[in-house]
Amino acid sequence: MNGLFQKGEGLQTLVGPPLLLLHKDSCPLGKLEGKKLHEICSSSVTHYKQYPPNTSKVYSYFECREKKTEPTKLRKVKYDKTVFYGLQYILHRYLKGQVVTREKIQEAKEVYREHFQDDVFNEKGWNYILEKYNGHLPIEIKAVPEGSVIPRGNVLFTVVSTDPECYWLTNWVETILVQIWYPITVATNSREQKKILAKYLMETSGSLEGLEYKLHDFGYRGVSSQETAGIGASAHLVNFKGTDTVAGICVIKKYYGTKDPVPGFSVPAAEHSTITAWGKDHEKDAFEHIIKQFPSVPVSIVSDSYDIYNACEKIWGEDLRGLIEMRSADAPLVVRPDSGNPLDTVLKVLEILGKKFPLVENSKGYKVLPPYIRVIQGDGVDINTLQEIVEGMKEHRWSIENIAFGSGGALLQKLTRDLLNCSFKCSYVVTNGLGVNVFKDPVADPNKRSKKGRLSLHRTPSGDFVTLEEGKGDLEEYGEDLLHTVFRNGKIVKTYTFDEVRDNAKLKESELEDLLL
Amino acid sequence: MSPPTFASPNVGQRLFHTCSLTPPISTPLFLILDDATYPCAPSHTQYTEVIAFHYVLSWHTRKVLKRRLSRLVSRGSERIHTGAKRHCFAFTLSSMMAAQDFNFLLATDSYKITHYKQYPPNISKVYSYFECRHKKGGQYNEVVFFGLQYLLKKYLAGRVVTEEKIQEAKVFYQMHFKQSVFDEEGWRKVLEKYDGRLPIRIKAVPEGKIIPRGNVLFTVENTDPDFFWLTNYIETMLLQMWYPITVATISREFKKILAKHLKATSGSLEGLDLKLHDFGYRGVSSQESAALGGAAHLVNFCSTDTVAGLLMAQRYYACPMAGFSIPAAEHSTIISWGKSREKDAFECLLDQFPSGPVAVVSDSYDIFKACKHIWGDKLKERVMERSEDSALIIRPDSGDPAETLIEVIKILEECFGCSQNSVGYKVLPSYLRIIQGDGIDLNSINEILEKLSDEGWSAENVFFGCGSALLQKINRDTLNCAFKCSYVETNGKGMDVYKQPVTDPSKGSKRGRLCLRRNSDGFIETVERGAGKPHEDMLVTVFENGTILQEYTLDEIRKAAQLWEEDVSPSEHNKEDDTSLEIHQKHIINGVH
């Protein structure tokens with residue numbers, strides 16, 4: 001109903017960075033028109049007054065800090081490396097093109113006057129950008145290629161003002177840019193799960209067939225907004241191809257592009273309502289009806305509405321056994337438990353199905369259900385339980401071929417900026433024409449120390465990544481800088497397709513070898 | 001000029017009166033006021049008149065509005081009325097409510113696309129409900145209901161289905177499932193029969209209400225037997241309600257803790273609304289989440305840096321300015337002066353913001369030295385020149401929050417002295433305060449406040465900032481939010497349905513049609529199996545057949561979500577049973593304003 005104002009025609013919009021990120025279309029899948037001004041923390045509004053006099057340049061960078069003192073030694077996954085992903089979305093959606101207009105400046109001025117109860121807004125600075133750059137942002141962003149897998153503690157991108165009058169702009173865009181912690185963290189956590197699955201799949205089946213469909217995204221309902229769903233689900237698709245979070249595909253198609261028509265796939269599946277709507281005494285009828293509706297494609301059926309074990313033993317194992325045996329490897333029945341302790345439930349379901357249906361042993365000596373029946377565990381799956389389940393299955397001689405996983409909250413929501421210690425810090429300023437390397441180094445927490453000076457990222461002859469500080473990367477001997485300019489003065493100058501992103505992030509041979517040691 | 005109230009359904013006429021605008025020929029259906037939309041005459045669904053009434057925003061904004069409206073009008077609406085005052089507009093446009101870019105058909109879990117084939121034959125109604133399930137030993141006994149109005153306005157109201165969207169979805173799902181499973185005909189019927197509006201009814205608890213866990217919060221059902229599959233199609237979207245509910249609930253728990261300590265150590269609740277500042281913008285997962293979470297915090301407080309939340313409150317909850325902030329430094333503005341010039345950076349801040357309060361992050365190198373040698377010595381006089389209205393607010397930002405804060409406050413006491421308040425606690429001079437914005441969550445804030453009062457310090461001395469614990473470190477399981485089907489009609493007969501997994505009894509769901517009532521003992525309870533009496537039902541129909549029927553302003557929501565006296569009395573802070581909450585006629589002892 002309010003469509004007029006939010007769906008691309010936004011009078012003002014919820015978000016926008018330079019002034020208030022005014023007039024930003026707030027619909028996550030909406031049009032890219034009208035941007036910025038509201039997209040910034042209130043306090044940044046007042047920062048232009050706070051830099052030293054005669055500052056002409058501010059240079060900041062983003063990293064996933066390495067934790068030198070690890071308080072949570074028990075954490076099983078270390079996340080040594082991160083997948084860089086998601087900058088292109090932010091640039092396209094919020095920073096490129098004319099993001100400052102006369103109206104936006106005026107509106108921002110009024111909003112901030114109310115908000116601070118004072119005139120603190122830098123109207124003059126924004127008018128300068130409007131007049132000199134036609135509302136395009138005079139900043140330069142250099143970043144590692146999207147999809148790159150980079151060890152923690154290295155610079156991932158840098159931001160610098162390109163006009164001496166607009167030194168304050170660098171950190172104005174911080175709030176919006178720091179939100180890249182989210183796609184980076186989802187992609188990184190999803191990739192760590194891919195490594196676990198790869199290891200156990202290889203060990204229990206001898207191949208990596210089907211790996212890309214082993215972890216399905218169930219997270220749409222569990223995230224905090226539609227926009228988050230789109231960003232997070234697209235980050236999972238960097239590593240996998242199974243998703244129910246449609247919004248992620250839309251983000252990829254719109255902001256990255258793929259050679260395939262869609263980057264993610266799904267299969268028909270039941271939910272509790274489509275089972276319980278038949279009544280408690282008709283669970284069998286519900287099951288039968290649904291598998292008959294989808295005879296030639298895989299179909300997943302949630303079977304714990306009343307009693308998962310009875311459903312597996314009596315309904316699937318006896319009443320409907322004939323129907324299931326008629327299905328093919330291309331159209332298996334996928335049984336879905338959805339409650340209880342994940343490992344115990346999976347093992348018990350496999351055990352019951354293994355008694356009712358003929359098992360085979362694969363080349364590695366692990367048990368495999370007939371190809372027309374599989375299991376998907378989509379409840380309580382996070383990176384730790386995933387590890388426990390595949391480990392438990394292996395111990396009980398079950399091949400990982402038998403199972404796929406679904407993950408929702410743990411994949412897309414149960415993450416914070418602290419998991420990978422994402423931070424954006426100023427490291428270099430020019431004042432009175434002199435460059436100064438700056439850093440913070442709080443006495444109370446050495447982990448919060450920041451890097452100094454202008455930064456560059458390089459590979460050493462042995463293949464390791466190294467961040468050079470204080471402009472040392474300018475020297476030829478260190479080879480080329482892996483940071484490429486992606487944004488300059490309002491224009492996106494380099495883009496990546498989603499296929500490139502996936503290729504950069506794929507599991508390397510050397511990683512697989514390490515995993516299988 | 002203060003906004004008119006919207007108590008009566010025929011609000012349109014009154015607004016016309018207020019702004020001396022000649023009403024258009026037909027009765028308007030909606031009003032747009034500061035981007036919030038108000039229904040005028042819910043029964044007149046055949047009208048498509050829209051009135052935009054806009055007076056809070058700037059002249060420039062009004063110009064933009066006018067231009068945009070003109071553009072819309074030229075795209076196919078019939079008429080534009082411009083009022084006597086230049087900021088009043090009325091116009092008609094049948095398709096203007098349609099989501100223009102957002103495809104509602106693509107905003108659900110993939111598998112939902114296949115569900116229309118899975119329900120029993122001859123099913124004609126699916127009725128589902130949302131609750132925050134009760135968990136034994138759960139941390140939060142009651143929840144704040146907030147955020148549905150945003151979802152309805154942004155994604156569900158109006159003409160959300162168009163032929164183009166059906167075509168887009170059809171192609172999309174063909175590729176996504178590698179087969180045809182999309183119910184093209186079903187959706188076309190929505191388009192033909194209802195002009196693309198959703199034949200759905202949603203009944204909900206009024207926003208801002210405090211409801212004990214384990215009760216129904218809203219119900220969803222199809223209003224036309226042909227569209228039984230639609231109820232749960234929108235589950236995915238509606239279940240995202242967990243987020244604003246959880247933020248508002250957590251933020252209110254913060255408020256309870258702060259109120260208790262503030263009352264005990266200062267004798268009043270003055271300034272409570274500004275005690276917890278939202279620092280979460282950068283730590284959330286997207287701009288939209290920032291807006292939604294930021295607005296949910298504003299249900300309980302008036303203090304935020306998350307500008308997106310203010311705009312949401314303005315746009316969707318009719319609150320022109322819901323929260324305030326003050327100038328504040330960040331590390332870059334300090335360290336860009338160089339390590340040896342921290343004092344100059346601090347001094348610059350005092351110079352730049354002489355009249356209002358200013359917050360200065362002081363831990364770039366050594367928070368303790370900064371307090372002792374810079375604030376407490378070199379700039380001491382400059383600090384002492386300031387007043388209560390222009391206080392210097394020192395911000396530590398690293399280390400153990402409680403220990404750092406205590407040490408900082410002791411250093412400041414040595415340098416600036418302190419006085420005793422009426423209840424015997426120490427207070428720094430009024431020109432000097434502290435804000436702790438690092439490492440704050442419900443546990444640490446309580447610990448900090450306890451340590452402060454143990455050492456004789458009043459909670460008046462400190463403000464808190466909270467980022468990810470408020471807006472990000474929460475998930476759907478924090479309050480066990482669930483959406484479940486409880487009732488269906490098949491072959492004309494109603495049946496109560498439920499799930500009850502043997503593997504986890506806590507996942508059991510409610511049965512039948514539900515009613516939320518306050519029983520004769522004053523407790524809020526959910527009546528199942530259709531046994532509730534309509535006149536007792538606290539659930540209000542907010543949405544029907546594409547139209548929003550009931551709206552709430554942030555002011556109303558804030559009133560409904562106020563703390564009760566019991567929340568603040570120290571003895572009852574850790575309530576063992578949630579019954580004390582629902583006593584009738586509790587005294588409201590604080591307001592948001």
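**A link between the chains**

Modeller: D418(A) and K473(B) form a salt bridge, with their closest N and O atoms 4.0 Å apart. This pair crosses between chains: D418(A) sits in the loop between helix 16 (409-412) and strand 13 (422-431) of chain A, and K473(B) in the loop between helix 17 (468-471) and strand 18 (481-490) of chain B. Please keep in mind that the model is predicted.

Biologist: Is D418(A) buried, partly exposed or exposed?

Modeller: D418(A) has a relative accessible area of 43%, so it is partly exposed.

Biologist: Which residues are linked with them in a network of salt bridges?

Modeller: The network consists of R341(B), K343(B), D344(B), E347(B), D351(B), R382(B) and E385(B).

Biologist: Let us change topic. Which residues have the most contacts inside the largest nonpolar core?

Modeller: They are I141(A), W187(B) and I202(B), in a core of 317 residues. Helix 8 (residues 242-266) of chain B supplies the largest share of this core, eleven residues. As background, nonpolar side chains tend to be buried together in soluble globular proteins.

Biologist: What does I202(B) touch?

Modeller: Leaving aside residues up to four places away in sequence, I202(B) touches L148(B), L152(B), L156(B), F218(B), T219(B), V220(B), L238(B), V540(B), T541(B), V542(B) and F543(B). L148(B), L152(B) and L156(B) are among the buried residues of helix 3 of chain B.

Biologist: How many residues of helix 3 of chain B are buried?

Modeller: Nine of the nine residues in helix 3 (residues 148-156) of chain B are buried. Just after this helix, G158(B) takes a positive phi of about 85 degrees.

Biologist: Now to chain A. In what order do the strands of the open sheet run?

Modeller: The open sheet has five strands in the order 6-12-11-8-7 (chain A), with parallel pairing. Strand 6 (215-217) and strand 7 (299-302) of chain A stand at the edges with a single partner strand each, so one side of each has no neighbour in the sheet. On average, neighbouring strands are turned by 30 degrees against each other, direction ignored.

Biologist: How many bridges pair strand 8 with strand 11 of chain A?

Modeller: Strand 8 (residues 333-336) and strand 11 (residues 373-377) of chain A pair in the parallel sense over three bridges. V335(A) has V375(A) as its bridge partner in strand 11 of chain A.

Biologist: Which strands does helix 14 of chain A touch?

Modeller: Helix 14 (residues 342-356) of chain A packs on the sheet and touches strand 8, strand 11 and strand 12 (403-407) of chain A, and its direction makes about 170 degrees with that of strand 11 of chain A. Helix 12 (residues 308-319) of chain A lies across strand 7 and strand 8 of chain A, at about 155 degrees to strand 8 of chain A.

Biologist: One last region. Why is strand 1 of chain A largely enclosed?

Modeller: Eight of the ten residues of strand 1 (residues 55-64) of chain A are buried, so the rest of the structure largely encloses this strand. Strand 1 of chain A runs antiparallel to strand 13 of chain A, joined by nine bridges, and S60(A) has C426(A) as its bridge partner in strand 13 of chain A. Strand 1 of chain A also pairs in the antiparallel sense with strand 5 (residues 155-161) of chain A over five bridges, where F62(A) stands opposite F157(A).

How values were computed:
Residues numbered from 1 in each chain as written. Chains lettered and ligands numbered in written order. Predicted model: local features only at pLDDT ≥ 70, side-chain atom pairs only at ≥ 80, totals over all residues. Heavy atoms only, no water. Buried < 20%, exposed > 50% of the residue type's maximum accessible area, 1.4 Å probe, protein only. Helix = DSSP H or I, 4+ residues; strand = E, 2+ residues; numbered from the N terminus. Core = buried A, V, L, I, M, F, W, Y, C linked by side-chain atoms within 4.5 Å. Contact = heavy atoms within 4.5 Å. Salt bridge = Lys/Arg side-chain N within 4 Å of Asp/Glu carboxyl O. Pairing = 2+ DSSP bridges. Axes fitted to C-alpha atoms, helices over the stretch in contact; angles between N-to-C directions.
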